[in-house]
Amino acid sequence: MPNLNNYRSTVTPTWCPGCYNYMVFAGLQAAFSALNIPKHKLVINYDIGCAGNMADFLNTYGAHTLHGRSICMAMGEKLVNPDLTVCVIGGDGGIYGEGLNHLIAAARANTDIKVFVSNNYLYSLTTGQTSPTTPKGSKTKSTPNGNLNEPIDAIKLIENINPHVFAKRVDGRNPLELNKSIKEAMEFKGFALIDIAQECIAFGKQLKS
Amino acid sequence: MLSKTFTLKIAGPAGLGIKSGGQLLSKILIESGYSVTDYNEYPSLVRGGHNAYQITFSNTKAFAPHYNVDAFFAMTPGHWKTHVSEFTKNTLIFVDEDPKTLNLKKGKVLNLPLKELSTKLGSNLVANTISIGVAAYIFNLDLKIVKKLVAATYAKASDLNLTAVETGYEFAKDNFSKYRFKVAKGKKQKSPELYDGNEAFGWGFIQGGGNFYAAYPMTPATGTLHFLATKQKEYKLTVVHPEDEISAANMTAGAAFAGARAATGTSGGGFALMNEAVSLCGVTEIGMVYYLVSRPGPATGLPTWTAQGDLLHAIYSGHGEFPKVVIAPGDLDESFEMGAESLNLAAELQTPVIVVSDKFVGESSSNTKDLSKAKVKVKLGNIVDKADAGFKRYSLKTKTGVSPVSIPGTPNGEFLSNSYEHDEFGFSTEDANLSQEMFDKRAKKIQTAIKLAPKPILYGSDKAKKLIISWGSTKGVILEALKMMENEEDFAYLHIKTLWPINPELETITKAFKEIIVIENNGFSQLVTLLKSQFNFNPTEIITKNNGRPFFPEEIYAKLK
């Protein structure tokens, strides 16, 4: 039985009860433990957003970065010390919106960093505005008359940019698939992106299904 | 009396080796025993346009390029036109056109048929080396030295270029013998190497233990990126050209967090994009260096020209309140010093350090010692190599404001480098008392920075009648102008190396003078604004210039005398 407490901080998670990020949180710790990654050799970069709030709940080396810039910091860390396991936790807003250029650059470089995106199709920490993955037509707080933009499919985008990286979409409601995919990404030698499809339990209802 | 300082200039379209030929001539002059300082002007394009390379040399120290030119070489017809104001009645103006057809009333216009001579040699690319031959004759240089350096520089086409030098020399001997300058002989230079400010900063970075540099190309900072990129293997550096300046700064912050001695470099526009990262470094207490080489703004501005317009931008960079250090090199040697010193300050203070240079210092060359062998002190700061469980990265128990830091990979040293306000472990807090305590802890670094950062330099006597104050690249121009003054002893000159935080010593020094003249290469006299914000400061005269050009010593001389 893996010792998940090894990676936990003493801070109680602040996500909404029932948030799908608890499963990402558990899946990551299970993978770290199964792969025996010592916590002092693990650096996790957290973007700004609900997913990034995991920063306080783990007790490895970490950087709670600027919004959109988690991948940049991860790149710097990995280039300086390849011996470190370097991860990025973010959301669709930070990774596919504010920081999309950095995602593309990291995939082109195929740098050995692992990017986990809690994609809930919304900006949720800011109470529910449209994000780069919000379906066209959706009414959100920032698009009350309907979102005019086509959504980004990050997996297609990244596969198109560099077919040699690991890019996978998983259903964030399925813990077995999620855990398996996180571990696969961690074991992959090179850049990995897992797009974790989620539903925001607080603000998701406004999205067109 | 022999004139001690001479200035020559080569001008023509881009692509004719104006800068490479000019730098070769600088090296020849150094080897011939002169102190040199150069200045180049070029537009933001790759072929054509108008480029000019100027050398001022002297048998004493040449601090800055002069405005007035003693010998001028136009590589192709018409390229003298924008330089007429630099000519005096004694300027030798070499043109590849019939002097009689030119409406040039100043100077001695002389025909140098570069096209004809180079066509005879079978190449249209040797106009620059033919001109070097002419300059060698005119300035009475030892042809052996000239040939040695030409052969070394053009190793692949040395025969052609040596013939070109001889052709120029012989042509000058036959045609220009009565115009030969009486140049005082040079003596062997103790500082025989030619670098520009960006290279010198790069050498300082290397000697100061720098090992990570990320930068997005932006004139006039790109020279350091190019330079360090060529040194990657030899000095085990990681040099990255990332997708944008935002990434450059944040990547460098990640590198510094992971234990590197790290810097990014850019100009004003790129630094605007890096502002949020400066703030990040403030709260996460990541020590990294921002090398900001200014050019005139606003926006794209004058990309290949010079200005000191980013002083307050640097000082007030980053949202929120946090300590930072802003230092500015005044010349090549200070660029080297600050390349290393900025890394030391970043490590010792764990906060952003901004080095503000500009095009004039960054892209102008002078001779100095061999920087590849120069030694500097490397200070690592308070890094723990082992930690106990419960390690407090942001310990409040500190007099200096600096807490111990662990580097990822160190067992038990785990912490969160948090852009949110945080507790002693780095975990987020919104607690009122703790937020204030953390702010106060970081603010203590301001006093620590005043102790550690480079001190101002006062040239001349504190009993002098007048005090000149400046910062950064105006240093050489002012020293050169003072060299020209008949009443040099009437002036003291205060060169401020650290612009933030302000050392209280500045108030004491300035109080001793009734007459104070501030000289700045910007439009709104930002140093004056800054000093007024710190103490009762009322300069009697403010001299500014903001047209993309540096000050020249003659200009300062005329204003001071």
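**Salt bridges**

I began with K441(B), which forms a salt bridge with E285(B), the closest N and O atoms being 3.1 Å apart. For a salt bridge I asked for a side-chain nitrogen of Lys or Arg within 4 Å of a carboxyl oxygen of Asp or Glu. K441(B) sits in helix α14 (residues 432–443) of chain B and E285(B) in the loop between α10 and β11 of chain B, so the pair ties together parts that are 156 residues apart in sequence. I noted that K441(B) counts as buried at 2% relative accessibility, and that E285(B) also counts as buried, at 2%. My cut-offs for cover are under 20% relative accessible area for buried, over 50% for exposed, and partly exposed in between, with a 1.4 Å probe and protein chains only.

Before going on I noted the ground rules: this is a predicted model, where local features need pLDDT of at least 70 and side-chain atom pairs count only at pLDDT 80 or more, while totals for chains, interfaces and linings use all residues. Residues are numbered from 1 along each chain as its sequence is written, chains are lettered from A and ligands numbered from 1 in the order in which they are written, and side-chain values use heavy atoms, with hydrogens and water left out.

Next I looked at K465(B) and D490(B), whose side chains meet in a salt bridge at 3.7 Å, N to O. K465(B) lies in the loop between β16 and β17 of chain B and D490(B) in the loop between α16 and β18 of chain B, so this pair ties together parts that are 25 residues apart in sequence.

E166(B) belongs to helix α5 (residues 158–175) of chain B and K147(B) to helix α4 (residues 143–153) of chain B, so the pair ties together parts that are 19 residues apart in sequence. E166(B) is partly exposed at 34%, and K147(B) is partly exposed at 27%. Over all chains, I got a count of 29 salt bridges.

**The sheet of seven strands**

I then traced an open sheet with mixed pairing in chain B, in the order β9-β8-β10-β11-β13-β12-β19. β9 (238–240) and β19 (498–500) of chain B stand at its edges, each with a single partner strand, so one side of each is left without a neighbour in the sheet. Neighbouring strands are turned by 20° against each other on average, direction ignored. Helices (H or I, at least four residues) and strands (E, at least two) are DSSP runs numbered from the N terminus, and two strands pair if DSSP finds at least two bridges between them.

Inside this sheet I followed β10(B). Strand β8 (residues 212–215) of chain B runs parallel to β10(B), joined by four bridges, with A214(B) opposite T264(B). β10(B) also pairs with β11(B) in the parallel sense over four bridges, and T266(B) stands opposite L292(B) there.

How many of the five residues of β10(B) are buried? Five of the five are, so β10(B) is largely enclosed by the rest of the structure. A262(B), T264(B) and T266(B) point one way, A263(B) and G265(B) the other.

Helix α10 (residues 268–284) of chain B lies across β10, β11 and β13 of chain B, at about 160° to β11(B). Contact here means heavy atoms within 4.5 Å; axes are lines fitted to C-alpha atoms, for helices over the stretch in contact, and angles run from 0 to 180 degrees between N-to-C directions.

**The sheet of five strands**

My last stop was another open sheet with mixed pairing, ordered β16-β18-β17-β20-β21 (chain B). Its edge strands are β16 (457–459) and β21 (541–544) of chain B, each pairing on one side only. Six bridges join the parallel strands β17 (residues 466–471) and β18 (residues 491–496) of chain B, and W471(B) stands opposite I496(B). Helix α16 (residues 474–484) of chain B lies across β16, β17, β18 and β20 (515–520) of chain B, at about 170° to β18(B). α16(B) is mostly covered, with nine of its 11 residues buried, including V477(B) and I478(B).
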